[in-house]
Amino acid sequence: MLEIPRVEDNGRLGPVNSALVPRYGGAPTYALLPRLDEAAAAGVAPEIKVVGVPFDAGVSYRPGARFGSGHVRQSSRLLRPYNPATDTSPFAQAQVVDAGDMAVNPFTIGEAIEAIQQDAMDLTEDGSSLMTIGGDHTIALPLLRAASARAGEPVALLHFDAHLDTWDTYFGAEYTHGTPFRRAVEEGILDTEAISHVGTRGPLYGKKDLDDDHRMGFGIVTSSDVFRQGVDEIVDQLRERIGGRPLYISVDIDVLDPAHAPGTGTPEAGGITSRELLEILRGLRGLDIVGADLVEVAPAYDHAELTGVAASHVAYDLISLMADRRATRAAAGEEPGR
Ligand SMILES: N=C(N)NCCCC(=O)O
Ligand SMILES: [Zn+2]
Ligand SMILES: [Zn+2]
């Protein structure tokens, strides 16, 4: 076995040292971080786990998001340890590891959902936070179940997406990528005082879609709102609504305009830019983020890793937020968890 030199900072095992080893070779873990078993062998305890969910049996249009986690990992090789946008070093503030992919049933959606929920519970047993890489948006439901179980209360939700994903059924099916957030509201796992969609746009089935969504408690910041009001104003509104609640962030990569993220299954014109999305995320610093997912990357429709690179950077800024939050809590002598 070759000895692989890694960046070590603050007692934590970081990415492969790309000043010594070509970053385009070797196994593509997320950001070239150590695998869970490598961290365990080195005797360091994981604090944030990146985990993939290769599942796309819930899609209503183009398939292929089952390959999303692999594509995001491959497109994450160029990420570096220091995040100048927030002046943070996420991999030094928290031990981040790649926990691999969940083994989910591609034929039985119900079984896959149960397995994702159980795996999410198992992976967070030690107090770790999850950064999940999908997979289609169906997977947000079991991830939210696990997040609210761990938080011990319903969680606030920030949902970045072109779509509402609060529809009821497709072909009679209740568990699909267009329905996770309606199910989550029905199950009582969301704090409906603080749930918002950001970046929505595109044609709907009817005005009732919006009425139902509003009745469930969702606030909406559309893609045009981001354009017309600007990032800072939007960030202020979102922070005000969320306050100190435990917050789950779900990012569907199709929130970005297809020019920024063509590699996805249900593209809609008129989306926000990757710069706008990253800036909104950076504005959420200090909020009590209990977990996040990044879904709907479908590499078959990608070009030149545009979508993969955007997705890997979104995950990097989400990890930066979670790592910073954990470090701030630890410094204040509070429980490091979530
Ligand atoms: N979650 C995503 N990406 N798309 C949902 C689209 C549902 C529909 O086809 O109406
Ligand atoms: Zn979605
Ligand atoms: Zn979507």
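This is a predicted model: local features need pLDDT of at least 70, side-chain atom pairs count only at pLDDT 80 or more; totals for chains, interfaces and linings use all residues.

User: Which residues of α9 and α10 meet?

Analyst: From α9, V231, I234, V235 and L238. From α10, E276, E279 and I280. By class, the contact of α9 with α10 has five nonpolar residues, no polar ones and two charged ones.

User: And α10 with α11, what's the angle there?

Analyst: About 5°, with the axes 10 Å apart. Here α10 covers residues 274-282 and α11 covers residues 306-331. That angle makes α10 roughly parallel to α11.

User: Which residues make the contact?

Analyst: On the α10 side, L277, L278, L281 and R282. On the α11 side, H313, V314, D317, L318 and L321. The contact of α10 with α11 divides into six nonpolar, one polar and two charged residues.

User: Staying with α11, where is G308 found? Buried or exposed?

Analyst: G308 is in helix α11. G308 is buried, because its relative accessible area is 0%.

User: What is G308 in contact with?

Analyst: Setting aside neighbours within four places in sequence, G308 contacts H71, S75 and D302.

User: Switching topic. Which residues of α7 are buried?

Analyst: D209, D212, D213 and M216. Helix α7 runs over residues 207-216. Looking down the axis of α7, the buried residues fall within an arc of 100°, so they line one face of the helix.

User: What do they pack against?

Analyst: The buried residues of α7 pack against α6 (180-186), β7 (190-200) and β8 (219-222).

User: And which exposed residues are on the face turned away?

Analyst: K207, K208, H214 and R215.

User: What follows α7?

Analyst: G217, with a positive phi near 110°.

User: Which residues other than glycine have a positive phi?

Analyst: Two to look at are E296 and A304. E296 has a phi of about 75°. Phi of A304 is near 50°.

User: Where do E296 and A304 lie?

Analyst: E296 is in the loop between β10, residues 289-295, and α11. A304 is in the loop between β10 and α11 as well.

User: Buried or exposed, for E296 and for A304?

Analyst: E296 counts as buried, because its relative accessibility is 1%. A304 is exposed, at a relative accessible area of 77%. Buried means under 20%, and exposed means over 50%.

User: Last one. Where is G135, and what's the peptide bond from G134 like, cis or trans?

Analyst: G135 lies in the loop between β5 (129-133) and α5 (140-151). The peptide bond from G134 to G135 is cis, with omega near 10°.

Note on methods:
Residues are numbered from 1 along each chain as its sequence is written. Chains are lettered from A and ligands numbered from 1 in the order in which they are written. Side-chain values use heavy atoms; hydrogens and water are left out. Axes are lines fitted to C-alpha atoms, for helices over the stretch in contact, and angles run from 0 to 180 degrees between N-to-C directions. Helices (H or I, at least four residues) and strands (E, at least two) are DSSP runs, numbered from the N terminus. Angles under 35 degrees count as roughly parallel, over 145 as roughly antiparallel, 65 to 115 as roughly perpendicular and the rest as oblique. Contact means heavy atoms within 4.5 Å. Ala, Val, Leu, Ile, Met, Phe, Trp, Tyr, Cys and Pro count as nonpolar, Asp, Glu, Lys and Arg as charged, and the others, Gly among them, as polar. Buried means under 20% relative accessible area, exposed over 50%, partly exposed in between (1.4 Å probe, protein chains only). The arc is that of the directions from the helix axis to the C-beta atoms.
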